[in-house]
Amino acid sequence: MRDTSPADVAYTYIKNQIVTRAMYPGTKLVEEDIVRETGVSRTPVRSALMRLAYEGLVVQEPNRGAYVAKPTATDLRQVYETRAILEAGAFRLAVRRRSEESVRRMEENLRQQEQLEKLFNMSEYATLNREFHWLIAMEAQNAYLEKYLNELYNKVSTYLLFWDDSTTNDASLDIHRRIYEAFRDRDEEKGLAALMEDIQLAEDSLRQAQQL
């Protein structure tokens, strides 16, 4: 821990409080409390909050402070609309530019997703789901798509951890297999159809869970 910066200490503490649901959506993050719990000063705490805001876990409001993020129906619509547009573009590029190594990594990711059928864990699923889609973004080899999809994937992972009450990944696993096959075979049409189905499934699950 000697090589860990004060900002990293604060970041890890706050993020753990959020992802373990010790802090619920809408909870105000009081800097003094975080300083007391972590032993770091206010400056690194503020740096950590800015980093968490970028990742979508925290919302910072002028003159009001920082809060644990809580998406609205409009937030969900805008995030998934934008994701569908950007990820479709990324997939078109990725199927032309992808490497055999990325195919192997996606196949390995699927194997790990299959293990979740036996004992589902949303935290593990959120991580694997992000890694799966990030492979597409990376293989598009476009820095701007990477930048904006990274921000969207951070938000999506947060939504899954907080608000998706799914107890199985059966439906998404079937779609992910089809995306993988299209990625492997460079089948743009098949991949785009499966990708749009996957994004719609994710949005519908969240809306149902939140009754939005």
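Predicted model: local features only at pLDDT ≥ 70, side-chain atom pairs only at ≥ 80, totals over all residues.
The lining of the second largest pocket divides into 10 nonpolar, 7 polar and 3 charged residues. The pocket in question has a volume of about 240 Å³. Of the 20 residues that line it, Tyr-125, Asp-164, Ser-172, Leu-201 and Ser-205 lie nearest its centre. Two or more lining residues come from each of helix 4, helix 6, helix 7, helix 8, at residues 170–185, and helix 9, at residues 188–210. Helix 9 gives the most, with 5 residues.

Let me turn to the largest pocket, whose volume is about 280 Å³. Thirteen residues line this pocket, and the closest to its centre are Lys-15, Arg-130, Asn-154, Ser-157 and Leu-161. Helix 1 (6–19), helix 6 (122–139) and helix 7 (143–163) each give two or more residues to the lining. Which helix gives the most here? That is helix 6, with 5 residues. By type, the lining of the largest pocket has 4 nonpolar, 5 polar and 4 charged residues.

I come next to helix 4, which covers residues 73–97. Its 25 residues reach 36 Å from the first C-alpha to the last, close to the 36 Å expected. The buried residues of helix 4 include Tyr-80, Arg-83, Glu-87 and Phe-91.

Both Tyr-80 and Phe-91 also belong to the largest nonpolar core, a set of 61 residues. They are among the members that touch the most others, along with Ile-14, Ile-18, Leu-29, Ile-136 and Ile-179. In soluble globular proteins, nonpolar side chains tend to be buried together.

Finally, what does Phe-91 contact beyond its neighbours within four places in sequence? Its partners include Ile-136, Ile-179, Phe-183, Asp-187, Glu-188 and Leu-195.

Key: Residues numbered from 1 in each chain as written. Heavy atoms only, no water. Helix = DSSP H or I, 4+ residues; strand = E, 2+ residues; numbered from the N terminus. Expected span 1.5 Å × (residues − 1). Buried < 20%, exposed > 50% of the residue type's maximum accessible area, 1.4 Å probe, protein only. Core = buried A, V, L, I, M, F, W, Y, C linked by side-chain atoms within 4.5 Å. Contact = heavy atoms within 4.5 Å. 1 Å grid on protein atoms, 1.4 Å probe; cavity = no way out; pocket = protein on both sides within 12 Å on 5 of 7 lines; lining within 4 Å. Points joined across faces, edges and corners; volume = space filled by probe spheres on them. Nonpolar A, V, L, I, M, F, W, Y, C, P; charged D, E, K, R; others polar.
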